Amino acid sequence: MDLIIASFTAIVSTILSIFVYLINVKSATNRYFSGFILTLGLYSLFNYLSSQAVTNTEAFYWSKFVMYSIIPIGPLFYFFVKTFPEATSQISIRIRIFLYVFMAVQIPLIALNITLSSVEVINSRLLIHPGLGIIPMLLMHVGTIMTGAYLLVKKYRNATGLLKIQLQYITFGILVSLILTIIVTAVFGVLFNFTALIPISPLFLLIGAGTITYTIARHRFLDIRLIIVRSLAYILLLLFISIGYIAILFDVAFFFNKQEPSWENLKALIIPAILALFFAVTFQPLRRIFEKLTDKVFYRDNYDSNDLLWSLSRVMASTLDLKELAESILKRLMGALRVNYGSIVLVRDKSIYWAQSEGDVSHHPFKNTDIYRLVYDSYHATRHKEHIYIFEELSETKIKKLMREQDITIIIPLTVRKELVGGLLLGQKSSGAIYSSEDIEVLKIVAPEIAVAVKNSLSYDEIKKFNVTLEDEVRRATKRLRSANNRLKELDLLKDEFVSIASHELRTPMTAIKSYLWLALHEPNQTIKAPLKKYLNISYNSTERLIRLVNDMLTVSRIERNKIELKLEPVDILEVAQLVYDELKITADEKDIVFIFNHPKEKLMVNGDKEKLREVIQNIVGNALKFTPEKGSITIAAKLQKDMISVDIKDTASGIPKDSIGKLFQKFSKIEYSYSKHSSQPGTGLGLYISKQIVSLHKGDIAVQSEVGVGSIFSVMLPLLNKHKGGEKS
Amino acid sequence: MNTKPIQILVVEDEEYLRDLYVQILAQEGYQVTSAVNGEDAYNLLTKNTYALVLLDIILPKMDGLQVLDKLKTKGATGNKHIVLLSNLGQDLVVAKAMEFGIRGYMVKSDYTPDELLKEVKGYLNNEPVKSSLAV
């Protein structure tokens, strides 16, 4: 039993020592701890050997080795505590030299039998006689271990998160084992010569080794990740299979040694074969079972990585909104990995310009330059390795220091086509557990996906922002247009007002002139001389013309602003034409013009404004009367062509050249051929324009046929009113 | 003409036109009163009754439409004896004036003195207008 305890402790210590050393050679902490546990291993080995001694000389010889092995334990523990977890030597040179000298002094003291004067073996137990040299030895150990323990407790109290958990286990393990060992060996064994408990002292070391091992496995102590966990699984498996095979071997051996070859024996051979086959087949499933079991023990917060990956893919496919995307990704990742916080940061122009964080992030300014440096380095510094920073796996560099300061455990750069987009930062697991290799694998798989999703989202964001700018632009332009429009409306109103006031102001004196001229011409008790009467008449007519001009301008202004309102009603166009005919018959007769009105018997109904239509026809017939020379003829003829009514006014005036016809309906058009010189009643130049507009408002048109020297036909065409609409008067 | 002469009020700020209207109406035997601004017109309208009122729109102090408006708020039961005689001819103005229930609307420049007289007689004959204003 002693052998098992001693060798197990020695082997485990040695292995641990080598691992701890190799994992991070640069780390002072690792070096000290490695030395510390190696010493413990040596100690347990020598301790065992001394306990197995038969003679006094032999016992004394091994006991001295025990003493040698004990020398560095206290100082190494002190050094370890002092450098943990910063991993850099912070011990002052004086203390170091002092301790080294102190340790060195112990060697001659032991060698010269001052520390131990003699050892006796009585009833296979050791009786130790310490010398004076044991005092400095005890002083050194008590001093260093007490100081170490004090520091450990102090550090533990100040530590947070993973570090606290690590310290908790280490403090407990080391203190318990060391204190128990010292009590048993030094106090009981050496001082009081009570050696009965010495053989079990390695067990105390085992407690220490056990807790440290657990800390390593469970809480990533000194960056040893999965080795122990997986090793344990294999050891268990190995044990299981070995036992199985050993059983089979025994069976086979039994078969070969005790039995004669027979049918029965052959049958007995088949059984182990089947068993072997069974083991072979069940190897993988069993392995998985044990892995799961160990995982359950060491990683309680388990999750299905496939589910997580699928859920993340779904999230990334479902949204383009950057904030929403980052939020969902982080929530899902943190939920599965049980991480205390997570952050997705985006980099541009050597800084972090966007960060979305979830979880306990109150004290994390994720936008500072340190974070940028970390993200940048995680991509560029690890270009040839895997793009991930895991705090525990980093050697003690500036990066690790930064990560510690920022309390970041994982940094994964987010890259798209070798361009650094941002980074995924994760804190510690809330349980204090380490990131398992499965976690790391999952993160490595999702990182590129997240990067692409974020990049897409960014593009979308840019488009959205661009749209916003565009919308702003449009809004501004619209605003400008609106104000311009308002201004135009104001101007229009002003123009309206101007036309209104101007026409009013013009009309007032004209009314006076017209009225008084009329009074002069119609003064009953006075005879005016012919020339004077002529002058007055010209004046009167000119005033009339001016008034008509003003009226026409008002009408044009109304037409052009769509202010003209038609009082639509069923109108018999023949009735309208008859009115005009009757009104102008006198004038025609005066000019000795043959004036004819040809019309069908039935009514020709249009939906129109009677007064305005009368104006139109009067204007055209009036023009014809003006321009047709004496003894000419004017014919008004109304007819129905399909659904259009046509009122044709035919004259025998001089006709209009073809190239002038187009100008007829323009404002103030005075055609060269114009009769103005012949006419005593020159027009305003607006009549035909107004007529055309009014007819257009009735959905009709005015057409002109003309031949110079023969005459013209003006056709006013209007749509026939639908009979079933009740337009026609019976 | 032996009976009480028909009272006509001419509201016109333009001197020449006012003289013209007063002259031609007086020659026809009507008793014509004239006002040169909206305020005077309003005061006269509230004090006296007229068979016919020829009311200009653009007037000093108070325009024709304001006079109509004020009469309306004052409690006049109707403006059937009022004819607007203005040189304003916009549809909007005419429409607004018609809302006051006036008798008619004439554009000054469209009428010669005899035509105007004809219109006045028409208004007076069709419906002898009494003052509807309750004072």
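How many residues does the contact take from chain B, and how many from chain A? It takes 14 residues from chain B and 17 residues from chain A, where two residues are in contact if their C-beta atoms, placed from the backbone, lie within 7 Å. The model is predicted: local features need pLDDT of at least 70, side-chain atom pairs count only at pLDDT 80 or more, and totals for chains, interfaces and linings use all residues. Residues are numbered from 1 along each chain as its sequence is written, with chains lettered from A and ligands numbered from 1 in the order in which they are written.

On the side of chain B that touches chain A, helix 1 (residues 15-27) of chain B gives the largest share, three residues. Helices (H or I, at least four residues) and strands (E, at least two) are DSSP runs, numbered from the N terminus. By class, this side of chain B has six nonpolar, five polar and three charged residues. Ala, Val, Leu, Ile, Met, Phe, Trp, Tyr, Cys and Pro count as nonpolar, Asp, Glu, Lys and Arg as charged, and the others, Gly among them, as polar.

Chain B itself has five helices and five strands. Along the sequence, its pattern is β-α-β-α-β-α-β-α-β-α. Of the 135 residues in chain B, 36% are buried (20 or more other C-beta atoms within 10 Å of a residue's own, with C-beta atoms placed from the backbone). Among contacts in chain B with a separation of 6 or more, 60% join residues 24 or more positions apart.

In chain A, helix 2 (residues 28-51) packs against helix 4 (residues 73-83) at an angle of about 155°, with the axes 8 Å apart. Axes are lines fitted to C-alpha atoms over the stretch in contact, and angles run from 0 to 180 degrees between N-to-C directions. Helix 2 of chain A is therefore roughly antiparallel to helix 4 of chain A (angles over 145 degrees). The residues of helix 2 of chain A that meet helix 4 of chain A include A:Tyr32, A:Phe33 and A:Phe36. Their contact has nine nonpolar, four polar and no charged residues.

The largest nonpolar core has 46 residues. Such a core is a set of buried Ala, Val, Leu, Ile, Met, Phe, Trp, Tyr and Cys residues joined through C-beta atoms within 7 Å. Helix 12 (residues 322-337) of chain A supplies its largest share, eight residues. A:Ile411 is one of the residues with the most contacts inside this core. Residues that A:Ile411 touches include A:Leu374, A:Val375 and A:Tyr389, not counting residues up to four places away in sequence. A second, separate core of 44 residues includes A:Val20, A:Trp62, A:Val81 and A:Leu116.

Note on methods
Angles under 35 degrees count as roughly parallel, over 145 as roughly antiparallel, 65 to 115 as roughly perpendicular and the rest as oblique. A residue is buried if 20 or more other C-beta atoms lie within 10 Å of its own, exposed if 12 or fewer, and partly exposed in between; C-beta atoms are placed from the backbone.
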